Amino acid sequence: VTNATVLYINIKNIPFFTKNDGKRAASKIYKMYQEVLRLFANDTNGVFACYTNSSFLVFYPSSIKDVDIHVTNAFKLSYIIGKILPQKHPQFSSVNITIGVDHGRILGTKCDHGRLWFGACIDKAAAISDACTKPSYLGISRLIYSEIGEDLRTITHHVLGFSKKEMAWQKGSYQFENESKHYYSTRHNLEI
């Protein structure tokens, strides 16, 4: 059992690829993203896990006070899967991936097939990921939003030599355990 910030990465349209392109194509997409996310987790000192046949977890066991680092990682991951991969592999440009982020206590337990992960924060991150729609691929919980610094809440654009700040996040709502909860989504990312 540990406190962790959880990134839930969901390939939303994997059933579409299974139906239209076949099981092998869906499997190829899954395996490619699995390898990319495994490398990303290793580079950012995260823990990687395959969660379902269309989703993955990257989590960072740490205090809520370190959430700025993890949201920055989520921005970078959004850039990798939203911009870099479709440019390098045009056949994956129609893959619809969203990222949900929350923080809380999680439990890892061994089973015959590896490890199983449990926690309300994983379920909330999954619900946030489901609620995100184009062009906003990244969503965070209200708890995460309340803890991030001002530099992650705003984006600065340079227009004709002048700096202009705008809010990076849009407020939305999602259903979790028959309750309406708030989340914040963004279309912004960080180039790496």
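Me: What makes the charged end of Arg153 count as sitting over the ring of Tyr145?

Reply: The charged end of Arg153 lies 4.4 Å from the centre of the Tyr145 ring, and a charge sits over a ring if NZ of Lys or CZ of Arg is within 6 Å of the ring centre and within 35 degrees of the ring normal. This is a predicted model, in which local features need pLDDT of at least 70 and side-chain atom pairs count only at pLDDT 80 or more, while totals for chains, interfaces and linings use all residues. Residues are numbered from 1 along each chain as its sequence is written, and side-chain values use heavy atoms, with hydrogens and water left out.

Me: How many aromatic pairs does a search of the whole structure find, and why is the pair of Tyr8 and Tyr51 called edge-to-face?

Reply: The search finds 8 aromatic pairs. Tyr8 and Tyr51 have ring centres 5.9 Å apart and planes at 80 degrees; rings of Phe, Tyr and Trp (its six-membered ring) pair if their centres lie within 6.5 Å, and planes under 30 degrees apart count as stacked, over 60 as edge-to-face and the rest as tilted, so this pair is edge-to-face. Tyr8 belongs to strand β1 and Tyr51 to strand β2, so the pair ties together parts that are 43 residues apart in sequence; strands here are DSSP runs (E, at least two residues) and helices likewise (H or I, at least four), numbered from the N terminus.

Me: Why is Tyr8 called buried, and what is Tyr51 called?

Reply: Buried means under 20% relative accessible area, exposed over 50%, and partly exposed in between (1.4 Å probe, protein chains only). Tyr8 has 8%, so Tyr8 is buried, whereas Tyr51, at 30%, counts as partly exposed.

Me: What makes the pair of Phe75 and Trp169 tilted?

Reply: The ring centres of Phe75 and Trp169 are 5.6 Å apart and their planes stand at 50 degrees, so the pair is tilted. Phe75 lies in helix α3 and Trp169 in the loop between β8 and β9, 94 residues apart, and both Phe75 and Trp169 are buried.

Me: How do you know that strands β9 and β10 pair?

Reply: Two strands pair if DSSP finds at least two bridges between them, and β9 (residues 170–176) and β10 (residues 179–186) have 7 bridges in the antiparallel sense, so they meet that condition. Gln175 stands opposite Ser180 in β10, and in the hairpin of these strands, with 2 residues between them, Glu177 takes a positive phi near 50 degrees.
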